[in-house]
Amino acid sequence: GTVKAAIFGAGLYVLHNVVYAFATYPAGAIADRFRTHRRVLGLGYLAGISVPLLLIGCFVKGWNSLPLLALIFSIAGLVNGIQDTLESATTAEMAPSDHRGLAFGLLGGVNGVGDLVSSLLVGALWTLHPAWGFGYAAACMALGSVVTLKGASR
């Protein structure tokens, strides 16, 4: 029923936030061991591709188990923890010290505009079928992973 669904939904978000909180410190510590934070950030983006792909399976194949949803929310929490920890560190690493304020402003602006555009586009694709929206998200995440990891290898 509705109450049970709300309880499970809230529980999944709690799980997401717990995983997120526990992922941030190790993500930063591991990234500090590499010469660049971009490699760990790119691997985090790469792991994130599994979230929309699993959600496509939920909509197309009818997968609907609570353990699967817990896995999806856990992966999303892990990826968000890595992202939030390392995007700013990577920006600081890439920008000259006298332009870091501009770089952080640009990061925030690009993220904000990107969030708006992706929300509109994914929402439009969702009206066709949720798998289209999640497929687009997975494709964008794959492209971002490749670009980030390619930049880390330089």
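Guide: The model is predicted. The contact is between helix H2, residues 38–48, and helix H4, residues 66–94. Their axes are 8 Å apart and the packing angle is about 150°. Angles over 145 degrees count as roughly antiparallel, and H2 and H4 are therefore roughly antiparallel to each other. Their crossing is left-handed.

On the H2 side, the residues that take part are Arg38, Val40, Leu41, Gly44, Tyr45, Ala47 and Gly48. From H4 they meet Ile75, Val79, Ile82, Gln83, Leu86, Glu87, Thr90, Glu93 and Met94. By type, the residues of this contact divide into nine nonpolar, four polar and three charged.

The loop between helix H1 (2–33) and H2 holds histidine 37. Its relative accessible area is 14%; buried means under 20%, so histidine 37 is buried. Leaving aside residues up to four places away in sequence, histidine 37 touches Ala31, Asp32, Leu86, Ala89, Thr90 and Glu93. Among these, Leu86, Thr90 and Glu93 also belong to the H4 side of the contact with H2.

H4 is tied to H1 as well. Tyrosine 13 and phenylalanine 73 form an edge-to-face aromatic pair, with 5.1 Å centre to centre and 90° between the planes. Tyrosine 13 lies in H1 and phenylalanine 73 in H4, so this pair links parts that are 60 residues apart in sequence. Tyrosine 13 counts as exposed, at 52% relative accessibility.

Notes:
Residues numbered from 1 in each chain as written. Predicted model: local features only at pLDDT ≥ 70, side-chain atom pairs only at ≥ 80, totals over all residues. Heavy atoms only, no water. Axes fitted to C-alpha atoms, helices over the stretch in contact; angles between N-to-C directions. Helix = DSSP H or I, 4+ residues; strand = E, 2+ residues; numbered from the N terminus. Parallel < 35°, antiparallel > 145°, perpendicular 65-115°, else oblique. Left-handed = near helix turned anticlockwise from the far one by under 90°. Contact = heavy atoms within 4.5 Å. Nonpolar A, V, L, I, M, F, W, Y, C, P; charged D, E, K, R; others polar. Buried < 20%, exposed > 50% of the residue type's maximum accessible area, 1.4 Å probe, protein only. Phe/Tyr/Trp six-rings, centres within 6.5 Å; stacked < 30°, edge-to-face > 60°.
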